[in-house]
Amino acid sequence: MNIIFYFSGTGNSLFAAREIAKVLGDTKIAPVADNFGADLGGFERIGFVYPIYFGGVPLVVKNFVESLDFSKCPNAYLFAIATRGGIPQNGLNEMNALLSAQSRELDYGTLLIMGANYILLYGRMFFTNAANRHAAKVLPKIAAAIRDKEKRPRALPKPGSMSMTERARGKVHEAARDYTVSGGCVSCSLCAKICPVCNIELKDGKPTFGEKCEQCMACLQFCPRRAINYKGKTEKRKRYRHPDVTAADLVRR
Ligand SMILES: Cc1cc2nc3c(=O)[nH]c(=O)nc-3n(C[C@H](O)[C@H](O)[C@H](O)COP(=O)(O)O)c2cc1C
Ligand code: SF4
Ligand code: SF4
């Protein structure tokens, strides 16, 4: 049996994980937030599929990998797919560094350009559809390489090259302090249900944000009323989510 651990705000990484699982067969797909410290014993292939954040691995994914004990799976084939909107920087190399801290390395790692979702900085991009079409086309080939246990190892981050990522990650939880909820909110609770780290509670029918935000953008992108916004900058920006992944697919509770 194989397992793919994923983290996904707007569906790209979940889409990629599913496409890989389809080709591999006998593969469990598991969200990282529910699987800290998971027992890795008995898996033939272990995969990590996640978006690149600030040129590196999302904080929750980093913490997750650090929670795992790879001594339980000495012969497992380890692979990673880092989905991205633009500049990959160390998005894969950092995963290799996290594994090397446990004397392991990626057998196979690849980057995959998909729709860019960081609405705090930009709206839906002009290349979105083309990027997602391309991803759908290459995923079966990536899956076949993983099925055949091809080797495509990755480098480690160059010394000093993680500083931008670390600076941004150090403040990642702070963004939600500046999220606002407009009067258009209809108290449907989708934002609370879809948040992958359970950072949203409805109080008196309105969402309130805690201190665990990963900036995955799910709540801003999926709110049916576009009621969640950031510093007055996002109201008019076009929303994005992967076209083949529904809110129900991403909801964890
Ligand atoms: C907080 C944040 C930071 C991001 N930083 C990068 C980045 O440094 N490089 C990049 O190529 N894409 C970046 N992106 C875009 C996402 O990696 C990309 O859209 C990804 O495929 C989204 O995956 P998901 O739909 O599974 O959440 C960022 C997105 C977010 C939300
Ligand atoms: S998803 Fe939007 S409408 Fe629904 S509770 Fe959250 S903010 Fe309100
Ligand atoms: S609060 Fe919103 S942006 Fe932050 S992790 Fe939850 S769903 Fe993602």
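Trainee: What is the make-up of the lining of the largest pocket, by class?
Mentor: In this predicted model, the lining of the largest pocket has 13 polar residues, 10 nonpolar ones and 1 charged one.

Trainee: And what is the volume of the largest pocket?
Mentor: The volume of the largest pocket is about 480 Å³. There are 24 lining residues, and those closest to the centre of this pocket are Ile-52, Phe-54, Gly-85, Tyr-118 and Tyr-122.

Trainee: Which elements give two or more residues to that lining?
Mentor: Those elements are helix α1, covering 12-24, and strand β4, covering 77-84.

Trainee: Let us move on. What volume does the second largest pocket have?
Mentor: The second largest pocket has about 300 Å³. Its lining includes Phe-54, Tyr-118, Leu-120 and Leu-121, and also includes Ala-168, Lys-171, Glu-174, Tyr-230 and Lys-231.

Trainee: How do the residues of that lining divide by class?
Mentor: They divide into 7 nonpolar, 1 polar and 4 charged.

Trainee: Why does the second largest pocket lie between domain 1 and domain 2?
Mentor: It lies between them because domain 1 (2-147) and domain 2 (168-250) both give residues to its lining.

Trainee: Now the cavities. How many of 30 Å³ or more are there in the whole structure?
Mentor: The search finds 3 cavities of that size. The largest cavity holds about 120 Å³ of space. It is lined by 17 residues, of which Cys-185, Cys-188, Cys-191, Cys-223 and Pro-224 are the closest to its centre.

Trainee: What takes up the space of the largest cavity?
Mentor: That space is taken by ligand 2. Among the residues surrounding ligand 2 are Cys-185, Cys-188, Cys-191 and Cys-223, together with others including Val-186, Leu-190, Pro-207, Pro-224 and Ile-228. The shell around ligand 2 has 9 nonpolar residues, 2 polar and no charged.

Trainee: And ligand 3: which residues come nearest?
Mentor: Of the 14 residues around ligand 3, the nearest are Cys-195, Cys-213, Glu-214, Cys-216 and Cys-219. That shell divides into 11 nonpolar, 2 polar and 1 charged.

Trainee: One last topic, the strands. How do β7 and β8 run, parallel or antiparallel?
Mentor: Strands β7 (residues 200-203) and β8 (residues 206-209) run antiparallel and are joined by 4 bridges. One of the pairings is between Ile-200 and Phe-209, the latter being in β8.

Trainee: How many residues are between the two strands of that hairpin?
Mentor: The β7 and β8 hairpin has 2 residues between its strands. In the turn, Asp-204 has a positive phi of about 50°.

Terms used:
Residues numbered from 1 in each chain as written. Chains lettered and ligands numbered in written order. Predicted model: local features only at pLDDT ≥ 70, side-chain atom pairs only at ≥ 80, totals over all residues. Heavy atoms only, no water. 1 Å grid on protein atoms, 1.4 Å probe; cavity = no way out; pocket = protein on both sides within 12 Å on 5 of 7 lines; lining within 4 Å. Points joined across faces, edges and corners; volume = space filled by probe spheres on them. Near = heavy atom within 4 Å. Nonpolar A, V, L, I, M, F, W, Y, C, P; charged D, E, K, R; others polar. Sits in = over half its atoms within 2 Å of the grid points. Pairing = 2+ DSSP bridges. Domains from an automatic or database assignment.
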